[in-house]
Structure formats: C-alpha cells, structure tokens
Amino acid sequence: MTSPARFKDICLDARDHQALADWWCAAMGYVRRDVADPPEDGWVRPEDWPVPIVDPAGHGPLIWVIRVPEEKTAKNRMHHDVVGDTAALLALGATLVRGRDGDGTGEPSDYTSGDIEWDVLADPEGNEFCVFTPGRHALPQPG
C-alpha cells in the first residue's frame, strides 16, 4: 500500500521574511537557493515573494520563509528539531523558551517527571524549535 502523501519542504511564516531567511541561513549553514542555483536568465526574485533556502551540501530539506502580515501569537503546533550549539544560536539572536532539565549528565529522561534532554528555542520571530546536543544525537548520514 502506498501512502497518500510524502514530505516535500518546510515552511516558516515571518513578518520580515528576508531577515528571517538570513537568520536561518546563518544558524543552519544554509544559503538562499537563488544564490546556490542562480536562474540562467538573470531573473531576480521579487522582494515580497517567499525566500527558499537550501543546505549547500544537499542533505537538509528545502525551507521556504514566507511573508505573512500577522505576528506569531500562540505556540507552534508543529516545529522542527536541530542538532546544534544552543549558546551559538542564542548569540545569533534566538531566545531560550525552555532549557533542558535533569542533572546535566545528558542521560535520557524517563519522561515521567517532565524532564527533557533538549533546549527549546525560538527564532527572532518566535518560531519554536528544539536543539539537541551534537554527538548524543547523531545525524543520519546520506546514502
């Protein structure tokens, strides 16, 4: 049996989609798709259009940063997880929403006490994402 859908892209809403695209490029090592793969005819993406950003190594998903008129007002119902350096992301302008719990050993929690082994951050526009420690949460290697 085949599924009725498959994963395609990630979309992030933003009031200032240009600035947020640049922030995620700095945070994830991504680049704007139009820089990585410029249109042959010299076409330039209009400023108010969504901004596609890509992993230049080709491993991560395409992320569209989309301009919306409203500010974020409630918790995300869906978010993405990254493996990374919380302190470096905070220095780039992320906000700590909730820090990891536990005794600092990084050992997995049994989750019965509400402990989490990741940090919850928000990007400069308030979109939440979780940050896991490198090494403890190995990234799958492309095949």
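Lys-72 is partly exposed, at 32% relative accessibility. Its salt-bridge partner is Glu-128, with the closest N and O atoms 3.2 Å apart. Lys-72 sits in the loop between β4 (63–67) and β5, Glu-128 in strand β8, and 56 residues separate them. Glu-128 is buried, with a relative accessible area of 14%. This is a predicted model.

**Salt bridges**
- The structure has five salt bridges, counted by rule.
- Asp-119 pairs with Arg-100, the closest N and O atoms being 2.9 Å apart.
- Asp-119 lies in strand β7 and Arg-100 in the loop between β6 and β7, so the bridge ties together parts 19 residues apart in sequence.
- Asp-119 is buried at 8% relative accessible area, whereas Arg-100 is partly exposed at 32%.
- Asp-22 and Arg-32 also meet in a salt bridge, at 2.9 Å from N to O.
- That bridge links Asp-22 in helix α1 to Arg-32 in strand β2 (residues 31–32), 10 residues apart.
- Asp-22 is partly exposed at 41% relative accessibility, and Arg-32 is partly exposed at 23%.

**Helix α1**
- Helix α1 covers residues 17–28, 12 residues in total.
- The helix reaches 16 Å from its first C-alpha to its last, close to the 16 Å expected at 1.5 Å a residue.
- Its buried residues are His-17, Gln-18, Leu-20, Ala-21, Trp-23, Trp-24 and Cys-25.
- Gly-29 follows the helix and has a positive phi, near 75°.

**Aromatic pairs**
- There are five aromatic pairs in the structure.
- Trp-24 and Phe-129 pair edge-to-face, 4.9 Å centre to centre with 65° between the planes.
- Trp-118 and Phe-132 form a tilted pair, because their ring centres are 5.4 Å apart and their planes stand at 35°.
- Trp-118 is in the loop between β6 (95–98) and β7 (119–122), and Phe-132 is in strand β8, 14 residues apart.
- Phe-132 is buried, with 14% relative accessible area.
- Ring pairs also link Trp-23, Trp-24 and Phe-129 into a cluster.

**His-80**
- His-80 is in strand β5 (residues 80–83).
- His-80 counts as buried because its relative accessibility is 14%, and the cut-off for buried is under 20%.
- Beyond its neighbours within four places in sequence, His-80 contacts Leu-12, Trp-24, Glu-128, Phe-129 and Cys-130.
- Among these contacts are Trp-24 and Phe-129, the edge-to-face pair.

Key
Residues are numbered from 1 along each chain as its sequence is written. This is a predicted model: local features need pLDDT of at least 70, side-chain atom pairs count only at pLDDT 80 or more; totals for chains, interfaces and linings use all residues. Side-chain values use heavy atoms; hydrogens and water are left out. Helices (H or I, at least four residues) and strands (E, at least two) are DSSP runs, numbered from the N terminus. Buried means under 20% relative accessible area, exposed over 50%, partly exposed in between (1.4 Å probe, protein chains only). Contact means heavy atoms within 4.5 Å. The expected span of a helix is 1.5 Å times one less than its number of residues. Rings of Phe, Tyr and Trp (its six-membered ring) pair if their centres lie within 6.5 Å; planes under 30 degrees apart count as stacked, over 60 as edge-to-face and the rest as tilted. A salt bridge is a side-chain nitrogen of Lys or Arg within 4 Å of a carboxyl oxygen of Asp or Glu.
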